[in-house]
Amino acid sequence: MTDLNLDEDFSPLDGASEIICDFSDALRYHETTFGISQSNSQVGVYSLSLNAKQLEEEFVIFEQIPNVESWPISKLIQRELNHERAKRICDDYLLKDNSLKYFPPLTAVLIPTDDIHQPREHYEHPVSEEDVALRVKYAHLKWEDLTIEQNVRGLSLIKRGSGAAGALVWDKRKLSAVIIDGQHRFKALLLARQKNKSYDGCAVSVNIINLFELTKSTKQSPTALARDLFVTINSTPVEVDEARLVLMDDKESFATFTQVLVDDSDKNEGPAVRPELIDWRCEQGKHDTVLALTGVLTLWSVLSFSICKGRAMASIEDRLNEATVRKWCDSMNSWLDADRCLEEKLGPSETLNARLEEATASATSNESEEESPFLFSYSKSAVDVLRNEFKRRYAPAFRLVFAKLSPYASFQSVATGSKAFDQKSKLHSYLRSFRARRAELYREPGTSSAVDKYKQQLGQLTSNRVPYTVMGQKAVFYSLFNGYLSDLDDELSNEELIRSTTEKFINEFNDCFDLLQTSNSVGNDFFNTKFRPEYKKGAIPINGKVCQDFWKGIIVKVNDELDYGNPATKILASIFLDLLNYDVKEEFRFTPRADIVRRHRRILVLSGVQDDEAEEVAEDLVIAKEGIVQKLLRA
């Protein structure tokens, strides 16, 4: 085959009309393949060689897609760009003198989008108008020697003969060319072009993954395939922030449950928490309470703690631990009736029990009598079944709690009053943007004042208050699941019963919350971590004053910081249930009393109290605090 001369053949005629299309440049490609897909066929790749100027004109990174902030969370296909990292690559590598400049190939996909740049669920069929438009744009070519191959709408492969090379053109109105691996190199190269024009001609290789055939064989949407590619390529926390991996991981159960709660693609039901109220990054694993009601990693923690008491299949280490796997399987069967659902949808070989037996049987080689590691696995199809069952049963419960539980309803009231949900407001634009875009918006007139006022209002509401913290939310939902919903036993498949039980929990929690919180001031707010009640004279021993703040020795450590560990969170959840189940005719006692006494004793010893005194002083402190709770509940 004679190669097409792109420099000569594919320069469009001056003034040539593109009719209804916005074509990319015609780029030289060579078609190749790699790997084996799920359907046992190789994955096609279009390998391109172009210069940096063409790269910027034809490709985008995810956050540059127009209107991307309104994409449903379930359609995310890339992490957030770290602009500082891209700048360092530019300054310390590309613009540094006397160094060889080499970048590995970038990886891209062509995502079908509609007229307002929202992702489509599938590729459209080709239309004849594109063929006509392409021939008009390149009317000077000898089309009798060329063929145009169009498998999907928006993409044209121009060939001479039947070989694997030619020119590739796409309609930007129908397909968005998005870099899914190498976006920091991409951005660094664009920055280098701004500072040194010689980089316009810098040679770059781009591999476009052919998702068209894969969407047919896997029956997945283009964005779902792109997400899977991204997670596979970037499955290390060093490279990608953990929150974004949770949003894009379609193979780990609690990640998919989290996606259910934040997915805003269903306009009829909506997400459990609106996007404007979510911290999408969760620095150090915690959401920012002066800007977000909850966070991606917070929700993941809530789910794993409430359903599996903190156990999850989030790493290879988890799947190698037989005890962890068995407890996880038991939890999935208890809360989701997993094996019944899996057998019904996928057959008996896909049940968790069958997969567990398979892992156990293969852990020892009968032939060599050498031990091989236990490794539990389950299919993506099984994950999808579990995800859908979780959505059916429990997504409405989460939606109710975040909407109606008093502390969370108050947060949403502030957000509504501040126009956080008003699409025309500057605050809404800020909250719906990625971090880099937020920094730009904050500098715009009116935005900084709106954001600062919003943070101030939320800070007054949430500062040091237990229900808004990560551990507070974990304890709230643990109480709901293990103190209320667990009583339903065989009725856990009854959606209406789950709803009514959740509403019962909310009503009882709200009654208790209002009773214990007479005002937001520290001295009158039981749920403030610095709450210091007025004890009876002599109730607090002199050498026990280090623990006179109510929560010190319960969930607050000796350094006055919250103890975010699971044991402390279980104690908090138990106290919530003690409050909700209290009978005013009885003496109030903490259910985890021994644990609370032990925690007080530890702080006393660390604070210098002698061992022989610490036990008695700790006991007196706990008695005094139980008396405070009893007094408040009987008021």
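**Close-up views of a predicted model**

**View 1. Lining of the largest cavity.** The lining of the largest cavity has five nonpolar, one polar and six charged residues. Here Ala, Val, Leu, Ile, Met, Phe, Trp, Tyr, Cys and Pro count as nonpolar, Asp, Glu, Lys and Arg as charged, and the others, Gly among them, as polar. The model is predicted: local features need pLDDT of at least 70, side-chain atom pairs count only at pLDDT 80 or more, and totals for chains, interfaces and linings use all residues. Residues are numbered from 1 along each chain as its sequence is written, and side-chain values use heavy atoms, without hydrogens and water.

**View 2. Helices around the largest cavity.** Helix 9 (253-262) and helix 15 (380-404) each give at least two lining residues. Helix 15 supplies the largest share, four residues. Among the lining residues are Val260, Asp263, Arg387 and Arg399. Helices are DSSP runs (H or I, at least four residues), numbered from the N terminus.

**View 3. Space inside the largest cavity.** Its volume is about 110 Å³. A cavity is a set of points on a 1 Å grid over the protein atoms alone where a 1.4 Å probe fits but cannot get out; lining residues have an atom within 4 Å of a point. Points are joined across faces, edges and corners, and the volume is the space filled by probe spheres set on them.

**View 4. Gln548 in its loop.** Gln548 sits in the loop between helix 21 (495-516) and helix 22 (566-581). Gln548 is buried, at a relative accessible area of 19%. Buried means under 20% (1.4 Å probe, protein chains only). Leaving aside residues up to four places away in sequence, Gln548 touches Arg532, Pro533, Tyr535 and Ile540, with contact meaning heavy atoms within 4.5 Å.

Note on methods
On a 1 Å grid over the protein atoms alone, a cavity is a set of points where a 1.4 Å probe fits but cannot get out, and a pocket is an open set with protein on both sides within 12 Å along at least five of seven lines; lining residues have an atom within 4 Å of a point. Buried means under 20% relative accessible area, exposed over 50%, partly exposed in between (1.4 Å probe, protein chains only).
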